[in-house]
Amino acid sequence: MAAGSHYASPREFPAVCGTDGVGHLDDGTRVFFGGPRRPYGAMAERTVVPRAFCFPIPDGLDDSSAAAVANPGVSAWLSLTHRAKLAPGETALVLGATGVTGKLAVQIAKLMGASRVIAAGRNQQALAALRDRGADATIRIDRPDAELRDAFAHEAGETGFQVIIDYLWGHPTEVLLAAVTRSEFASAGLEVRLVQAGESAGPAISLPAAALRSTALTILGTAGIPSRDLLTDAFNQVMARAASGEIRVDTERLPLADIEQAWSRPQTGGRRVVIEPLGD
Ligand SMILES: NC(=O)c1ccc[n+]([C@@H]2O[C@H](COP(=O)([O-])OP(=O)(O)OC[C@H]3O[C@@H](n4cnc5c(N)ncnc54)[C@H](OP(=O)(O)O)[C@@H]3O)[C@@H](O)[C@H]2O)c1
């Protein structure tokens, strides 16, 4: 968002960066907060946020994990529950599973009772580590299209993916759709719910009619900010599971003075940088 490449990036400057964080209200309550009123942002010693976007944090969870897990965790939770309506026993594919949000989606899909969770991404180390966090199979996506298409088709098997959470979009999604598109008249098979949740690989895809006509594919978005009740429930579920260790987020703490270094280096391995305006 600070780079201006996100659809919700600020249009008026100057603006303080940072959309969410952990802080203390004036009465001392430790909260996760979101939605600072522009031009104010989260990367500051004090900020201005709507009271409705302040949520108390369970005691067992440290500041860094709480700051890092809330946004991607709630997003992954809602994508899987509210949007995809993942049911126990279904197969879920996470495309872009090596990012912070994708890694959480893998863990949450398994917690929700998915019978198989397939993690697809570029970073081999991150993919291997996901085996210990609920992935039953992994697919490397940085390979020739034909190979990737075969890998998707192999993992889809006879029954296919019932849920796909897509953090990449762009070319990898086009290859995935080619893999699930049928080339003959046949029963469309089980319903496939693809939730468009991110665009790390590209902002657009070319969508062949055959992908929609030969399969029972439904493409959904994440649908903006949900109702307060839904958001609160998802937040409480994610925080409780993070506090109990059922889901884990990888973090790295940096002082605000090092923000330029944090932004200019490539982000790899699905680790969320947590900025500390106050330092220790
Ligand atoms: N809709 C929502 O509510 C919501 C919430 C959170 C995030 N998002 C979106 O979801 C996406 C991922 O977020 P994140 O938090 O997981 O980000 P992140 O931690 O920065 O991870 C970025 C991910 O994108 C992958 N990637 C980057 N460039 C790529 C490319 N050219 N081709 C293929 N893969 C590429 C990385 O793969 P490797 O590490 O394997 O190289 C990594 O998996 C972003 O678009 C973000 O805006 C949406």
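## Leu207 and its loop

Helices and strands here are DSSP runs, numbered from the N terminus. In this predicted model, Leu207 sits in the loop that connects β8 (192-196) with α6 (209-213).

Relative accessibility at Leu207 is 37%. Buried means under 20% and exposed over 50%, so Leu207 counts as partly exposed. Gly224 is 17 residues from Leu207 along the chain, and their C-alpha atoms are 22 Å apart.

## Helix α1

Helix α1 covers residues 63-83, 21 residues in total. At 1.5 Å a residue it should span 30 Å; the end C-alpha atoms are separated by 29 Å, so the two values agree.

The N-terminal end of α1 is capped by Asp62. One of the side-chain oxygens of Asp62 lies 3.2 Å from the backbone nitrogen of Ser64. Just after the helix, Lys85 adopts a positive phi of about 50°. Most of α1 is covered, with 15 of its 21 residues buried.

## The second largest pocket

The second largest pocket has a volume of about 350 Å³. Its lining comprises 17 residues. Closest to the pocket centre are Ala156, Gly157, Gly160, Val180 and Arg182.

Two helices, α4 (145-156) and α5 (170-180), each contribute at least two lining residues. By class, the lining of this pocket holds nine nonpolar, six polar and two charged residues.

Methods:
Residues are numbered from 1 along each chain as its sequence is written. This is a predicted model: local features need pLDDT of at least 70, side-chain atom pairs count only at pLDDT 80 or more; totals for chains, interfaces and linings use all residues. Side-chain values use heavy atoms; hydrogens and water are left out. On a 1 Å grid over the protein atoms alone, a cavity is a set of points where a 1.4 Å probe fits but cannot get out, and a pocket is an open set with protein on both sides within 12 Å along at least five of seven lines; lining residues have an atom within 4 Å of a point. Grid points are joined across faces, edges and corners, and a volume is the space filled by probe spheres set on the points. Helices (H or I, at least four residues) and strands (E, at least two) are DSSP runs, numbered from the N terminus. Ala, Val, Leu, Ile, Met, Phe, Trp, Tyr, Cys and Pro count as nonpolar, Asp, Glu, Lys and Arg as charged, and the others, Gly among them, as polar. The expected span of a helix is 1.5 Å times one less than its number of residues. Buried means under 20% relative accessible area, exposed over 50%, partly exposed in between (1.4 Å probe, protein chains only). A polar contact is a pair of N or O atoms within 3.5 Å; within protein, one must be able to donate a hydrogen and the other to accept it, and residues adjacent in sequence count only if both atoms are side-chain atoms.
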